[in-house]
Amino acid sequence: MDMSAADQHMTDVGLIRPDVHIEVHVKSESTVKRSDVRAHVLSLLDRHSSVLGSYKWTEFDNEFLTRNVQSVTVTDITGFKQFVDLKLHNLCIYIFSLNDEVPNTLTLEEEEELSAANHWLLPSAEFHGIWECLIYEDNIKTQLLDYVTTTIFFSDKNVDSNLIAWNRVVLLHGPPGTGKTSLCKGLAQKLSIRLSGRYAYSQFVEINSHSLFSKWFSESGKLVTKMFQKIQELIDDKDALVFVLIDEVESLTAARNAAQAGTEPSDAIRVVNSVLTQLDQIKRYPNVVILTTSNVTEKIDLAFVDRADIKQYIGPPSANAIFHIYLSCLEELMKCQIIYPRQQLLRLEELITMNFMESDLTHLSLMLRKISQKSVGFSGRTLRKIPFLAHALYGKTPTLTVESFLKAMDRAVDNQKQEQANLVNCV
């Protein structure tokens with residue numbers, strides 16, 4: 001039987017061996033039993049018990065796995081040079097398939113068809129890979145996983161929330177373009193896989209609060225209540241884990257302040273209070289997690305700050321994080337043969353062990369490090385555009401060598417800095 005994250009938490013005290021997480025992506029057309037998949041995966045892991053860091057198998061010498069499984073991944077292992085002996089760890093195996101359906105739109109009134117939110121079934125093909133693409137330092141992703149796991153664990157153990165308080169609310173705040181919304185989607189996707197042994201399926205509801213307060217003032221809190229009634233219908237299914245995302249939650253502050261200042265209709269504040277009341281009601285259910293984001297830290301509503309169990313700042317990536325972001329981009333372009341021939345680029349950890357000394361082996365990787373240092377201050381969104389801009393603006397041929405592409409990236413970074421400076425001067 002696959003071990004859920006809640007079960008893992010309950011057994012952590014008694015475990016001598018630390019957990020290693022194995023995610024098994026089953027092809028959507030496969031109809032085989034999960035127990036059979038698990039047996040074949042265990043055989044694979046027994047034959048390949050020593051892996052380097054987070055490792056993924058996409059090709060198999062086993063006909064059953066080749067026919068039914070897309071990938072087997074040893075995931076969330078920190079340290080790129082860390083060998084892991086799987087026989088010394090407790091293996092937590094999660095078997096899942098991706099949902100290929102497009103998101104549904106939750107509407108509130110049949111006549112006007114006001115769009116309340118978008119709704120996905122998880123794990124979703126649309127969200128696949130988001131978590132792995134997001135690169136942060138300070139173990140931000142691990143802490144968020146641990147928070148929700150503890151939330152489910154405390155609920156399953158019937159801990160009295162009047163004695164030990166937790167509100168099921170996560171607040172991610174920081175400047176635009178740092179991946180807050182993507183992090184929420186990736187977190188929900190990851191947990192839908194991790195908690196598949198606890199819940200039959202998961203659902204993700206994304207509410208755009210900016211749209212909410214620009215369209216619905218005239219109807220006061222009535223439509224807000226209707227929206228949360230639809231969310232309540234999802235939560236009422238105890239076999240479902242429901243994630244609710246409220247993007248740009250600082251618009252709540254703007255609405256409340258404007259109402260108090262008399263510049264917006266008086267019922268605007270009732271809308272805000274209705275949202276807060278509805279959140280307080282649904283947080284009582286054990287199968288819901290509320291995720292919120294804010295781009296304007298100083299304007300976050302204190303009512304939300306008080307409700308948030310985790311208030312995590314998401315800032316622009318550091319030089320080290322940028323190096324790994326760029327490295328993942330270059331590896332993708334080498335896989336697609338836009339950069340050709342393939343050449344080895346060293347990881348940052350490998351450069352550190354070599355004291356960043358210049359040599360034929362380290363030359364290209366040190367070029368990438370200098371570009372990464374020059375890129376400090378760019379948002380994650382901008383960083384992932386740099387390789388595209390490098391090819392579009394400075395790629396003289398469809399296919400470039402690694403060194404030629406790095407030179408193009410260096411020029412693209414300079415170009416982006418100049419464009420940002422021009423925008424500031426215009427303002």
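How do the residues of the lining of the largest cavity divide into nonpolar, polar and charged? They divide into four nonpolar, four polar and one charged, where Ala, Val, Leu, Ile, Met, Phe, Trp, Tyr, Cys and Pro count as nonpolar, Asp, Glu, Lys and Arg as charged, and the others, Gly among them, as polar.

The model is predicted, so that local features need pLDDT of at least 70 and side-chain atom pairs count only at pLDDT 80 or more, while totals for chains, interfaces and linings use all residues. Residues are numbered from 1 along each chain as its sequence is written, and side-chain values use heavy atoms, with hydrogens and water left out.

The protein has 17 helices and 13 strands, which are DSSP runs numbered from the N terminus (helices are H or I with at least four residues, strands E with at least two). Of its 427 residues, 49% count as buried, a word that stands for under 20% relative accessible area, with exposed meaning over 50% and partly exposed lying in between (1.4 Å probe, protein chains only). Among the contacts with a separation of 6 or more, 76% come from residues 24 or more positions apart, a contact being heavy atoms within 4.5 Å.

A cavity is a set of points on a 1 Å grid over the protein atoms alone where a 1.4 Å probe fits but cannot get out, and lining residues have an atom within 4 Å of a point; grid points are joined across faces, edges and corners, and the volume is the space filled by probe spheres set on the points. The lining of the largest cavity includes Asn-99, Glu-101, His-119 and Trp-120, and strand E8 (residues 115-122) gives the most to this lining, with three residues. In the loop between E8 and helix H4 (130-133) lies Pro-123, which a cis peptide bond with omega of about -5° joins to Leu-122.

Helix H12 (residues 319-335) has 17 residues and reaches 24 Å from its first C-alpha to its last, close to the 24 Å expected at 1.5 Å a residue, the expected span being 1.5 Å times one less than the number of residues. Its buried residues include Ile-322, Phe-323, Tyr-326, Cys-329 and Leu-330, and what covers the buried residues includes helix H14 (363-374) and helix H17 (402-426). After H12 comes Gln-337, whose phi is positive, near 60°, and the loop between H12 and H13 also holds Pro-341, joined to Tyr-340 by a cis peptide bond with omega of about 0°.

In helix H15 stands Gly-380, which counts as buried because its relative accessibility is 18%. Gly-380 and Gly-177 are 203 residues apart in sequence, yet 5.8 Å apart in space, C-alpha to C-alpha; leaving aside neighbours within four places in sequence, Gly-380 is in contact with Gly-177 and Pro-317.

The cysteines form zero disulfides, a disulfide being a pair of cysteine sulfur atoms within 2.5 Å. For Cys-133, the nearest cysteine sulfur, that of Cys-329, is 8.3 Å away. Cys-133 counts as partly exposed because its relative accessibility is 42%, whereas Cys-184, at 1%, counts as buried.

Two loop residues remain to be visited. Glu-248, in the loop between strand E11 (240-247) and helix H9 (251-261), has a positive phi near 50° although it is not a glycine. Phe-356, in the loop between H13 and H14, likewise has a positive phi, of about 55°, and counts as partly exposed because its relative accessibility is 29%.

Note on methods:
On a 1 Å grid over the protein atoms alone, a cavity is a set of points where a 1.4 Å probe fits but cannot get out, and a pocket is an open set with protein on both sides within 12 Å along at least five of seven lines; lining residues have an atom within 4 Å of a point.
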